[in-house]
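Good morning, colleagues. Please take a moment with the sequence and the model on the screen, after which I shall comment on selected features.

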Amino acid sequence: MKKHYFYFCATLLALNLFLACSDKETSPTEIPIATLETVSGIEKAYSVQQDGHLILSPTLNFSEGSKQPVTYEWIIDEVVVSKEDTLDYICKELGRHAGTLKVIAQDETAKFVDFTFYVYSGYDRGLLLFTANDTSSTLVYKALDDINIPAVRNAFSENNPTLPLGKTPLALCWTGEGITNPANIEDTGGMEVILSTDQPIRMYAIDPNTLKVKTEFEYDGDEQGFTPNHAFVPFGMQNRLWGAEGGSVYFTGNGKDYLMSPERRFIKGKRRLQLPSNAKVADMTCSLITNPMDMLRVYFDTENQCMVYVGGIRGMVEGKVACPIIPMALLACDGNYAEANTDNRYEPKHALLVGYKNDSNVMIYRFSPASNKAEESLLSEIDATGHILPKAAIGVNPIRPILYYADFSGNIYVLNYESKNFSTTPYVSLGKQYEVKSIIFNPYNPTQMYIAAEDKEAPAKSCAAIFIIDAGNKATGKVIYQETGVGGKIHRMIYKGNGLENQQVRRIN
């Protein structure tokens, strides 16, 4: 009996072992539960126009395995506004807002992403940056009302979704730059932003407060091959110096210039205010208000290698000083602010011409122009070889005798052109990967400098960067704002104001 019982127990044990092995071999492999590791796809800051939508779609990054269910909470100004996976928030209140995305997985793992967004009412006062990528021009807007507001990177297309720009950016200007009677802005008939592109040629007049196109127009002048490469607004438009109809915007291209009338026609204007017939002017200009009083358009004639001055009162005068250079910059300088009874307007007196020859020698000429009863006078001629490189970016302080120039490694230096003193150390350094392309000022604020530079390490379509520099100290500047990846290859940057800049003039030495 005991023997039979022993065999029975042995058989039962063997059967259990077999079944255990069989279960182990046939059961499916267990899939681990994935852990929520990071949340990406949310930028640190955004700019949204009032009543626009802030739309954010985060990306959740898990470890390997089966993804857990998650919940979302979008918190804006300490209030939960959505529990959807994508935020679609209508921005009603102006100003700065703090946001947080809270993602909680089923295992109670929580991830938080903080962001900031700025709601602005319009395009009141800021910088316009014209850039190019492989397929189209792009207009970028950087607000200056609050410098912490990020740039609007597709300002033209956002406000004009059905209107295309050409592939190549050309002219860009703000008609407010020619205001001579700031207390009577209405005399201008309304300020505008004017831009043009090539491939194909497109020309637009844009509302400066909304950046919406007011008018699309075409070049209709009689010059064969004329291209609207450069546009500027000289002083005197409110005084009707350049046309009885109130024409104010001048275009240059292929060595010639044309006045655009209020009817968007391209005309030569009065004979006494035209360029010499044999002139071939560079696509760079400036405008001056002189003493004795006159308001001028200033050009450099590359054919005859001399300056050309067109005074609203005196008319056209060709310069006598030979400047055998390829021009790099033509800038108004040595300005001051008029008295309160003249609305504190900015009045630049002289012109700086910078250029190079023989691919290495850089020269700087400073002129007191021919105007009204005055004749052209060469105030100084400076050999900048060894200091300023050919084709380097150049800028000038509106009221101080300081010329700013860049190298190709993100450094900006200064020259006091009255004492002819070049700095030996950088005024400000942006980083060696940056190549400075533009240095500009709001002429009513000589203590803040604006720089557009290209990041040589970034893709061409997103290489543009904007810097704001505190330039109040004569010896050294300080970067107070920097934003990268705002656009493509840089063509031109301008200051666009609201016409009230004269009300906040800072009188400094």
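The second largest pocket of this predicted model holds about 600 Å³ of space. Its lining comprises 24 residues, and those nearest the pocket centre are Ala45, Tyr46, Ser47, Pro150 and Ala151. Two or more lining residues come from each of β2 (45-49), β3 (53-56), α2 (155-159) and β36 (478-487). Of the elements, β2 supplies the largest share, with five residues.

I turn next to a sheet. Strands of a sheet pair through backbone hydrogen bonds, in either a parallel or an antiparallel manner. Here, four strands make up an open sheet, ordered β24-β25-β26-β27, with antiparallel pairing. Its edges are β24 (326-337) and β27 (377-383), each of which pairs on one side only. On average, and with direction ignored, neighbouring strands of the sheet are turned by 20° against each other. Between β24 and β25 (residues 346-357), the antiparallel pairing extends over 10 bridges. Within that pairing, Leu331 stands opposite Leu352 of β25.

Finally, the cysteines. How many disulfides does the model contain? The count is zero, where the criterion is a pair of cysteine sulfur atoms within 2.5 Å. Cys323, for instance, takes part in no disulfide: the nearest cysteine sulfur belongs to Cys306, 7.8 Å away. Is Cys323 buried or exposed? Cys323 is buried, because its relative accessible area is 0%, and buried means under 20%. Cys91 is likewise buried, with a relative accessible area of 0%.

Notes
Residues are numbered from 1 along each chain as its sequence is written. This is a predicted model: local features need pLDDT of at least 70, side-chain atom pairs count only at pLDDT 80 or more; totals for chains, interfaces and linings use all residues. Side-chain values use heavy atoms; hydrogens and water are left out. Buried means under 20% relative accessible area, exposed over 50%, partly exposed in between (1.4 Å probe, protein chains only). On a 1 Å grid over the protein atoms alone, a cavity is a set of points where a 1.4 Å probe fits but cannot get out, and a pocket is an open set with protein on both sides within 12 Å along at least five of seven lines; lining residues have an atom within 4 Å of a point. Grid points are joined across faces, edges and corners, and a volume is the space filled by probe spheres set on the points. Two strands pair if DSSP finds at least two bridges between them. Axes are lines fitted to C-alpha atoms, for helices over the stretch in contact, and angles run from 0 to 180 degrees between N-to-C directions.
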